[in-house]
Amino acid sequence: MKRKGLYVLATAALLALTAGCGSNQGEEAPENQVTEAASPTEAAEATATPEPTATPEPTATPVPANYMEANGIEVLGAGHHTCEGLVVTEWDENGEAVVTLGNSEYSFEVKEEDRGDGTKMIYATLNLVPHVAENGGWSALAMGGFVDLQTGKSFVPMNSGIAQVTRLKQEEKEYDLQLAVEYEFPSTTSPYYTEKYTLVCPSEYEDAGFYITGWDSIADYEAFTERMGLWKKLNFIRHGETELLVFGVNKALATEPEKKPVDGAELVEENYFETMGYSTKGEGIYTWLGTEALRKRNDEKGRWESVALNEKELTTTISITEELLGDGTKKIQWNVIDMFEMVSEDEVKIPYIKCAIADKRTGLVYRPRTYFLADLYMLEKDEVEFTILVGRESVEEEPVDGMVKCSTTYTLICPEDYNDAVLCMTAYAEIEEDEHVYLNESEMSSLKEIEHWEYELMFFR
């Protein structure tokens, strides 16, 4: 979990059955009334006595197919699943995270490869979408592992990145398994907390599964470590009140790939820059008319608040780098450098500007939800769909003669042939009422929606 500095607002990261009947039995005939009995016209036929009915054979109770069925655990396939997990929504007066129950979004994907020697390799990926709190801090609290669907035995390797060999016993059967796991944490270039498993097992083994659940890393770290390097039944894994999801490899392989909808498709404009007559700038030092906010520290709320806004000539330094990553993607970074003035320990003056990554052909704007965490977007160009990652981070240096140098970097991970991204920048004309509020969902908008009043809207590439 990360927090922002002065420039980034200085915030932390059953069933019941009843029946009744009524009758008029035993009523006598009125006194002196003669009742005539009906005489039969034919002799009554003898009634046959029914033969004894045979007692039905008791129905056998179905035997559960495996541990999951016996314990009522649904085995899921690939794709996204939302359930009760653990999130951090606030921080206490000591800066400690307050962990509570909340919606967590997990996803699972898997690939299988036959090695041709009687064994196969299974590549499984478990993801958790981090939760972003209103103050911009984020959390990713989860733990996962391998599980045998037949017996419910789970296993996590002792060390990350190192394969561990173990033997699985299923009644009369035994399987030698080799399992490795790698952990990837959320960052400016990673939108998830990820656990990647590589399993080598016999080709005939068909009970591979994986699980993920919420984990309070602050209150119960042992729940994570006590599973390492040994077999542990699923119902002995401590996860409090959070749900535990189980994914089956075979079921996931049979699942149709989930197609993520294109983000902001309804806002797309054709040839937006050409229509609007916009142009892009390159690297350099720019002096431009903008605004400067006076911020004061609010110790009670634990943050800095803007209290006044003044028009001012600003000086901003822009540098741009591009790097091929070797997997068909590239990383573009825009570094924006501004200077803050420390008026006192409790007051600071900062440029009051806004920046975002935009697409110059469509006019769409892609914003990160918060700092130090990437957001994933789905785009479509020329009938081809692809994803991009958008991230942002900020670093402040120690004050020198009352001035603080702040460097904010905007990062884009995209396909090598995607060349329509620009960084847009402009000034605010008034203090935003919700400047301290962050959303837990990605924000999509159009350049048309960016209010910049009389201030210049600049683009850099």
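The following dialogue explains how several features of this predicted model are read.

Reader: On what basis are the values in this model given?

Author: This is a predicted model, in which local features need pLDDT of at least 70 and side-chain atom pairs count only at pLDDT 80 or more, while totals for chains, interfaces and linings use all residues. Residues are numbered from 1 along each chain as its sequence is written, and side-chain values use heavy atoms, with hydrogens and water left out.

Reader: Where is threonine 119 placed, and is threonine 119 buried or exposed?

Author: Strands (E, at least two residues) and helices (H or I, at least four) are DSSP runs, numbered from the N terminus. Threonine 119 belongs to strand β4, which covers residues 119–128. A residue is buried under 20% relative accessible area, exposed over 50% and partly exposed in between, with a 1.4 Å probe and protein chains only. Threonine 119 has a relative accessible area of 19%, so it is buried.

Reader: With which residues is threonine 119 in contact, leaving aside its neighbours within four places in sequence?

Author: Contact means heavy atoms within 4.5 Å. With those neighbours left aside, threonine 119 is in contact with Asp114, Val200, Cys201, Pro202 and Ser203.

Reader: In what order do the six strands of the open sheet stand?

Author: Two strands pair if DSSP finds at least two bridges between them. The order is β1-β14-β12-β7-β8-β13, with mixed pairing. At the edges are β1 (75–76) and β13 (232–233), each of which pairs on one side only. Strand β8 (residues 153–155) pairs with β13 in the antiparallel sense over two bridges. Within this pairing, serine 154 has lysine 232 of β13 as its bridge partner.

Reader: How many aromatic pairs does a search of the whole structure find?

Author: A pair of aromatic rings is described by the distance of the centres and the angle of the planes. Rings of Phe, Tyr and Trp (its six-membered ring) pair if their centres lie within 6.5 Å; planes under 30 degrees apart count as stacked, over 60 as edge-to-face and the rest as tilted. The search of the whole structure finds 21 such pairs. One of them joins tyrosine 197 and phenylalanine 210, tilted at 45 degrees between the planes and 5.2 Å centre to centre. Tyrosine 197 is in strand β11 (residues 193–202) and phenylalanine 210 in strand β12 (residues 208–214), so their pair ties together parts 13 residues apart in sequence. Tyrosine 197 and phenylalanine 210 are both buried. They also belong to a cluster linked by ring pairs, together with Phe108, Phe146, Phe155, Trp231 and Phe247.

Reader: Which charged residue sits over the ring of tyrosine 371?

Author: A charge sits over a ring if NZ of Lys or CZ of Arg is within 6 Å of the ring centre and within 35 degrees of the ring normal. Over tyrosine 371 it is the charged end of arginine 392, 4.1 Å from the ring centre.
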